[in-house]
Amino acid sequence: MSPQERIDCDVLVVGAGMVGAAAASLLARSGFSVAVIEHHEPAAFDVSQPVGLRVSAISPGSAAVLNQTGAWKQVLNSRHRHYREMRVEDRDESSMLTFQAGEFGLDTLGTIVENDLVQWALWQALSMTAGVEVYCPDRLAALDFVDGRPQARLESGKRVSARLLVGADGADSRVRRLLGIGSDHWEYGQMGVVGVVQSARPNPGMAWQRFIEGGPVALLPLADGRSSLVWTCPEARAKELLQLDDEAFLLELAGAVAGSPDHWPGELEAIGPRAAFPLTMRLSERYRGRRSVLLGDAAHVMHPLAGQGVNMGLLDAAALAEVLVAARRDGKDCGNDTVLRRYDRWRRSEAEVMCRGVHGLRGLFLPEGLGLLRRVGLGLVGRSWTLREAFIRRAAGQNSNAPALARGKTLAALLRP
């Protein structure tokens with residue numbers, strides 16, 4: 001193929017991170033011709049290497065979506081840890097919420113997986129999916145509209161024309177900028193300090209979170225019994241923590257997680273390499289443009305307080321597949337604005353609820369003066385089955401407004417007339 005030759009497809013996906021690769025796989029498996037632009041191929045996942053510092057709590061709904069891409073089986077055959085209990089504490093164990101998967105008829109509340117593993121598994125699944133052309137390494141250089149269709153000019157000189165353009169190229173989305181879609185952006189002045197922690201008693205398969213002065217500290221279960229740490233701190237405090245040696249850091253962390261002697265996590269024994277990343281929130285003003293949509297971080301970036309960032313993106317991918325399959329069944333063009341408006345309204349309303357809810361929770365849990373209100377709120381949720389179930393169903397990605405694929409429907413069933 002000469003560099004100037006034009007490639008035509010139904011859907012062009014810019015960005016093959018976790019969300020973009022999932023969307024491309026679902027759409028190709030639904031019978032759409034798909035082209036993918038990605039600037040680098042992920043490294044093969046090596047289970048003999050140390051646990052990565054960036055992990056995700058994959059919800060049951062997201063796991064169901066990943067299963068339909070063909071990637072989830074590879075994840076389950078590698079390093080992962082299901083968790084069946086979640087505990088949320090307010091500074092001490094006097095105010096606490098505990099959720100058990102079995103209470104809600106769930107096998108798990110989620111699965112802790114390294115981001116690198118999910119990315120690699122999706123890339124492998126994509127490479128084995130018919131109907132997908134991947135242009136990698138390559139980048140989007142410019143975007144035009146030719147004969148009413150989006151046409152991407154790549155740095156390699158190739159041109160790709162599609163009926164629908166999908167921007168899944170991250171928080172600093174070039175697609176979003178080229179489409180002229182604005183966004184609201186919050187800088188929290190906080191960083192998430194991450195690392196791998198070993199405690200005297202292995203993590204029992206519990207996602208544990210405590211709200212302390214400055215932000216929450218969370219310990220998430222890993223396959224070998226250790227825990228992935230995410231400690232939210234003001235930027236200056238985070239930088240101080242990164243400068244400490246291992247012994248001094250463990251002393252600081254022990255003070256943050258200290259509780260009654262008979263409760264986990266108890267004594268902390270070791271900490272591995274650490275890193276920190278800034279925390280922000282971004283909400284795009286709309287998720288559609290001219291024959292185009294935004295997915296994942298290109299559409300919304302949320303504070304990691306609820307651990308829902310990747311999950312929201314995977315549900316975006318599932319929702320887009322559902323909307324486009326329904327449109328095709330009705331004889332509509334996949335780039336028709338009426339079709340894209342349905343996706344926009346659906347996913348933007350869900351993201352607004354989650355992002356602004358987490359934004360409000362963050363404000364509630366940080367000020368010391370709101371301690372009584374927090375404790376009353378935790379108590380009300382703890383005593384109300386309705387509130388507890390609503391919380392879990394949304395966290396599991398399986399509430400009534402979730403995409404059908406997240407609620408257990410297969411692609412084969414979705415494609416049936």
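Which side chain does R394 meet in a salt bridge? Hold that thought for a minute, and I'll come back to it.

Hi everyone. What we have here is a predicted model, in which local features need pLDDT of at least 70, side-chain atom pairs count only at pLDDT 80 or more, and totals for chains, interfaces and linings use all residues. Residues are numbered from 1 along each chain as its sequence is written, and side-chain values use heavy atoms, with hydrogens and water left out.

Let me start with the overall picture. The protein chain has 12 helices and 20 strands; these are DSSP runs numbered from the N terminus, with helices being H or I over at least four residues and strands being E over at least two. Of its 417 residues, 54% are buried. Buried here means under 20% relative accessible area, exposed means over 50%, and partly exposed is in between, using a 1.4 Å probe and protein chains only. As for contacts, meaning heavy atoms within 4.5 Å, take those with a separation of 6 or more: 74% of them are between residues 24 or more positions apart. The chain exposes about 17,300 Å², and carbon and sulfur atoms supply 51% of that. Those areas come from the Shrake-Rupley method with a 1.4 Å probe, and for residues only the protein chains shown count as cover.

Now, back to my salt bridges. The rule is a side-chain nitrogen of Lys or Arg within 4 Å of a carboxyl oxygen of Asp or Glu, and by that rule there are 21 of them. R394 pairs with E350, at 3.1 Å from N to O. This one links distant parts of the chain, with R394 in helix α11 (385–395) and E350 in helix α9, 44 residues apart. R394 is partly exposed at 27%, while E350 is buried at 9%.

Stay on α9, please, and find D344 and R348. Their side chains meet in a salt bridge too, at 2.8 Å from N to O. They sit 4 residues apart in α9, so about one helical turn separates them. In general, an α-helix has 3.6 residues a turn, so residues three or four places apart point the same way. D344 is buried, with a relative accessible area of 1%, and R348 is partly exposed at 25%. Both also belong to a network of salt bridges that links R288, D337, R341, D344 and R348.

There's one more arginine to show you in α9, which covers residues 337–365: R347. Is R347 buried or exposed? It's buried, at 1% relative accessible area. Leaving aside neighbours within four places in sequence, R347 is in contact with Y287, M312, L315, D316, A319 and P403.

D333 forms a salt bridge with R163, with the closest N and O atoms 3.3 Å apart. D333 is in the loop between α8 and α9 and R163 is in strand β11 (159–167), so the pair ties together parts that are 170 residues apart in sequence. Both ends are partly exposed: D333 at 23% and R163 at 24%.

Next, some buried places. In helix α2 (60–69), 9 of the 10 residues are buried, so the helix is largely enclosed by the rest of the structure. Among the buried ones are P60, V65 and L66. Just after α2, G70 takes a positive phi of about 90°. Over in strand β15 (227–234) you'll find S228, which counts as buried at 1% relative accessibility. Beyond its neighbours within four places in sequence, S228 is in contact with residues including L53, V55 and G195.

Most residues other than glycine have a negative phi, and most peptide bonds are trans. D147 is in the loop between β9 and β10 (149–154), and it's exposed at 73%. R291 also has a positive phi, near 50°, in the loop between β18 (288–289) and β19 (292–294).
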